[in-house]
Amino acid sequence: LHRVFPSGFYENTIDRIIDKRIFQPRGDTEEMFLQIPLDWEALDKFEDRNWRMTLQSWGMFHPILNVFDSYSGKEKLVQYFFEIANDWCELYLDDPDDIISSRMPDSYAWYDMSVGYRALTIAFFIDRISEHNLSITDEQKKLIFKLARKHIRHLSNPETTTMRNNH
């Protein structure tokens, strides 16, 4: 992300993104306030496949991944992660591990690119929580590792990793 968004890219906006829960997947879209529970399927944006995929990819964390190590309120970033993760898990964590997604799916929850980006975010938070010795509850530990295992199983399943698209 540092190559795409150089150091300092979010310097003037990161507090607003975190505190106001602002999500803007692209410059040509309007900002959205992420209010829990989220409409993860974003049916009001059904025609904008990229927008829907970016939401399911947890694109709201891309600015956070970019600034995490230099941000002084790391605990706030971790709590934001768990708010979003908990909400997503309510709908999708118990889905089967073998959902095969088409190139133009009705839902982007298990679309290969969405899964890959979410896995990256989950791994990032596991690493940064450990690296910075941040305190999380036992329930949060269970959740983040359950999420990680779920994504590993999905990404390791030969049935779900076909060459049906360009990913």
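Is Arg21 buried or exposed at 15% relative accessibility? The chain that holds this residue is described here from a predicted model, in which local features need pLDDT of at least 70 and side-chain atom pairs count only at pLDDT 80 or more, whereas totals for chains, interfaces and linings use all residues. Residues are numbered from 1 along each chain as its sequence is written, and side-chain values use heavy atoms, with hydrogens and water left out. The predictor's confidence in each residue is expressed as pLDDT, from 0 to 100; its mean over the chain is 86, and 83% of the residues reach 70 or more.

The chain contains six helices and two strands, where helices (H or I, at least four residues) and strands (E, at least two) are DSSP runs numbered from the N terminus. The order of these elements, read from the N terminus, is α-β-β-α-α-α-α-α. Confidence is lowest in helix 1 (residues 14–19), with a mean of 88, and highest in helix 4 (residues 74–92), at 96. Of the 167 residues in the chain, 45% are buried, a residue being called buried under 20% relative accessible area, exposed over 50% and partly exposed in between (1.4 Å probe, protein chains only).

Helix 2 (residues 49–56) is largely enclosed by the rest of the structure, because six of its eight residues are buried. These buried residues are Trp51, Arg52, Met53, Thr54, Leu55 and Gln56, and their cover includes strand 1 (22–23), strand 2 (32–33), helix 4 and helix 5 (112–131). Just after helix 2, Trp58 adopts a positive phi of about 65 degrees.

Trp58 also belongs to the largest nonpolar core, a set of 41 residues in which Trp58, Met60 and Phe125 touch the most other members; such a core consists of buried Ala, Val, Leu, Ile, Met, Phe, Trp, Tyr and Cys residues joined through side-chain atoms within 4.5 Å. Two or more residues of this core come from each of helix 1, helix 2, helix 3 (62–67), helix 4, helix 5 and helix 6, and helix 4 gives the most, with ten residues. Beyond its neighbours within four places in sequence, Phe125 is in contact (heavy atoms within 4.5 Å) with Phe61, Ile64, Leu65, Phe68, Leu77, Val78, Phe81 and Ile144. His151, located in helix 6 (residues 138–156), is buried at a relative accessible area of 1%. When residues up to four places away in sequence are not counted, His151 touches Trp88, Trp110, Val115, Arg118, Ala119 and Ile122.

Nine salt bridges are present in the structure, each defined as a side-chain nitrogen of Lys or Arg within 4 Å of a carboxyl oxygen of Asp or Glu. One of them joins Glu83 and Arg21 at 2.9 Å, N to O; since Glu83 lies in helix 4 and Arg21 in the loop between helix 1 and strand 1, the pair ties together parts that are 62 residues apart in sequence. Arg21 counts as buried at 15% relative accessibility, whereas Glu83, at 36%, is partly exposed. Another salt bridge is formed by Glu31 and Arg16, with the closest N and O atoms 2.5 Å apart. This pair links Glu31, in the loop between strand 1 and strand 2, to Arg16 in helix 1, 15 residues apart. Glu31 is partly exposed at 39% relative accessibility, and Arg16 is likewise partly exposed at 38%. Finally, Arg26, Asp28 and Asp48 are linked in a network of salt bridges, in which the closest N and O atoms of Arg26 and Asp28 are 2.8 Å apart.
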